[in-house]
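Visitor: I would like to learn how to read a protein model. Could you show me the structure, and then take my questions in turn?

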Amino acid sequence: MQFSSRRKKFTTNSQTELYSHPLLFYVQPPLENISLMEFETFAVERLKLLKTIENLGVSYVKLSDQYIKKLEAESKALNFLYRAEADDRKPQSGPTEQEKRRKDHISHFILRLAYCQTEDLRRWFIQQEVDLFRYRFNDLYPKQKLEFLHRNNLQYDTISVEEKKALHDKLVNSSYAVSGITVEDQDFYKVPFQDALDLVRLRKVYLKAGYVYIPHQEIVTIVLNDFRTRLSKALALTARSLPAVHSDERLQPLLNHLSHAYVGQDYSIQKNVGKISLEQIDSLSGKSFPLCMRQVHQSLRENHHLRHGGRMQYGLFLKGIGLSLEQALQFWRSEFIKGKVDADKFDKAYAYSVRHMFGKEGKRTDYTPYSCMKVILSNAPSQGDHHGCPFRHSDPELLKQKLQVYKVSPSGIIQILELVKGMHYQLACQKYFELTHNVEEASFSLNHPNQYFIESQKVLGGGRDIKRETDAPQKPQENSTKAPSAAPEAAANTQDVAEMTEELDSFFQDA
C-alpha cells in the first residue's frame, strides 16, 4: 500500500511538470493506466479534430482568421482547446486546462499506434499533427515560445552583435517584415539551410555559405521541421512494436479499425425503407450517387456481374439509401440473370450473400454501409474489380476522362486533380459534388457515400426529400452511453474483456 501511494504521488508530480506548459513536443509517452473506454474516447475525439484540420487546410488559408476561428471552435467542442493565458483553476464546467493537456498527450500516442501501420497512414497523420502543432505554437506568447524551446533543448545558435551589424543590410533586404530598427532589437538564428527549406523556397531569409539567418518570428518553421522529423522517426519505431501491442486482446480490435474509423452519422438505420423504387436507381445514379457508386452501378449494368468487393460496397450502399431485402434480392437477381448466371445459380450462389448483408444469415450481423475511409483504405481493387474510390485508386488520366464523360468543366477537373495529387480524396469527392450540383461551397464535410446521396437529395429537392440525417444518431455519443459500468475491472477479468472488445469491434465495424 505504501509503495502504491508513493508511486501515485510520483506520477502526479511528473504529470504536473509535464503539463505545466500549454504545448507538448510528445517526446515522453504517457506512463499512467487508463480504462479502455477512456482509451477509445480520447482516440475518436482526436481523430475528429485531425479530420477537421484536414478539411480546413484545403478550404481556408492556414492560420487565416476563418481557419483559426473554426479550428478553435472544434477544439473547444472536443475539449482540446489551448489558451495561451489559461491557468489551472477549475472552470465552472468541463475539464481543467491540465486535464485537457493530459487528454491531448494520451490521444496523440494512441493514434500513433493506429496510424503507424502503412506509409499512407503515416503521411496523413504527420501532416495533420504538424498543422495542429503550427496552430498551437503560433498561439503562444513570445515568452512561452522561448520557454518551449528551452524545455525541449531546441537551442539554436544566435549570431553575435558584431555579425549582425556586418550583415545588417542583407538581413533587412532579405528577411520578411524586418526593418533596420527590428534587426537590432531581435535575435537572428544561424541554421543549416537544409533545415529551413520552406523559408529558402519563399525567399524569406538571407542565405550565405550553406547557412540561413532566421529572424526570431520565423523560428516556427525550424521547430515544425524538427517536429516532423521526430514524429516520422517515432512512427517508424512504433510500427516495429506493433506485434507486441496487437498481442493485447483488449486493444487489438480497436487499433485494427481505428485507422479507418468512421466517426460521423450512422447510416445503418434504415428509416427510408421502401422510399426508393428499383425503377429510380438508374436516374438516381446519374444525379445523386457519389462517383465510387456511380462507376460500380455503371459496371453492373454493362457486365451484369460484380465481384464480391463490388457487391459488398454497392449492396450496402443501396441498403443504406432505402432498399429492402426483398428489393435487393430482386435487383441483383434481375441484373445477374441478364449475364451468364441463371436464376437457379443465383439462388444457390449469390442470394445467400445478399441476405447476409441484411443480417439474415450467418452470425446475423446487420452490416452497415461503407464509409469513405473504409472504401479508400481497405480491400483495394485489383484487375477486373470496379469497387474502391476512383479518386484514390484510378489512374489520374483515366479519372480525367471519366470526369469529362460526366460533363465536369475543365477548370473543375483541374481542381479535382490537384486535390487528388495532394491525397485529399474525400475533398476531391466533395469538390465533385459541388461542381455537379452547382453549389459554390458545400455546407458539410464529406465522410460517407450515403451522406453524399442524402446531401444530393437535399439540394435537388430543396431539403424535403430525405430527412434521415436529422434523425441519425452520432456514433461516438451512442457508443459512450453504452460504456460498461466497470471498465477498470474489465482489464482484470478475461470474460469481461472479451465482451468489451466485442463491443468495441462492433462500434468500429462500419469503418
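Guide: What follows goes through confidence, salt bridges and the end of a helix.

Visitor: What kind of model is this, and how are its residues numbered?

Guide: This is a predicted model, in which local features need pLDDT of at least 70, side-chain atom pairs count only at pLDDT 80 or more, and totals for chains, interfaces and linings use all residues. Residues are numbered from 1 along each chain as its sequence is written, and side-chain values use heavy atoms, with hydrogens and water left out.

Visitor: What pLDDT does the protein chain average?

Guide: pLDDT is the predictor's confidence in each residue, from 0 to 100. The average for the protein chain is 82, and 82% of the residues score at least 70. Over residues 1-10 the pLDDT is below 50, and this stretch has 0 contacts (heavy atoms within 4.5 Å) beyond near neighbours in sequence. Residues 464-511 also stay under 50, but there the model has 90 contacts beyond four places in sequence.

Visitor: How many salt bridges does the count come to?

Guide: A salt bridge is a side-chain nitrogen of Lys or Arg within 4 Å of a carboxyl oxygen of Asp or Glu. By this rule there are 25. One of them joins R46 and E129, with N and O 2.9 Å apart.

Visitor: Which parts does the pair R46 and E129 tie together?

Guide: Helices are DSSP runs (H or I, at least four residues), numbered from the N terminus. R46 lies in helix α2 (residues 36-59) and E129 in helix α5 (residues 119-138), so the pair ties together parts 83 residues apart in sequence. R46, D104, E129 and R136 are linked in a network of salt bridges.

Visitor: Are R46 and E129 buried or exposed?

Guide: Buried means under 20% relative accessible area, exposed over 50%, and partly exposed in between (1.4 Å probe, protein chains only). R46 is buried at 0%, and E129 is buried at 1%.

Visitor: With which residue does D131 form a salt bridge?

Guide: D131 pairs with K62, the closest N and O atoms being 3.0 Å apart. D131 lies in helix α5 and K62 in the loop between α2 and α3, so this pair connects parts 69 residues apart in sequence. D131 is buried at 3%, whereas K62 is partly exposed at 33%.

Visitor: Which residue caps the N-terminal end of helix α22?

Guide: D395 caps helix α22 (residues 396-405), with a side-chain oxygen 3.0 Å from the backbone nitrogen of E397. Just after α22, K407 takes a positive phi of about 65°.

Notes
A polar contact is a pair of N or O atoms within 3.5 Å; within protein, one must be able to donate a hydrogen and the other to accept it, and residues adjacent in sequence count only if both atoms are side-chain atoms. Helices (H or I, at least four residues) and strands (E, at least two) are DSSP runs, numbered from the N terminus.
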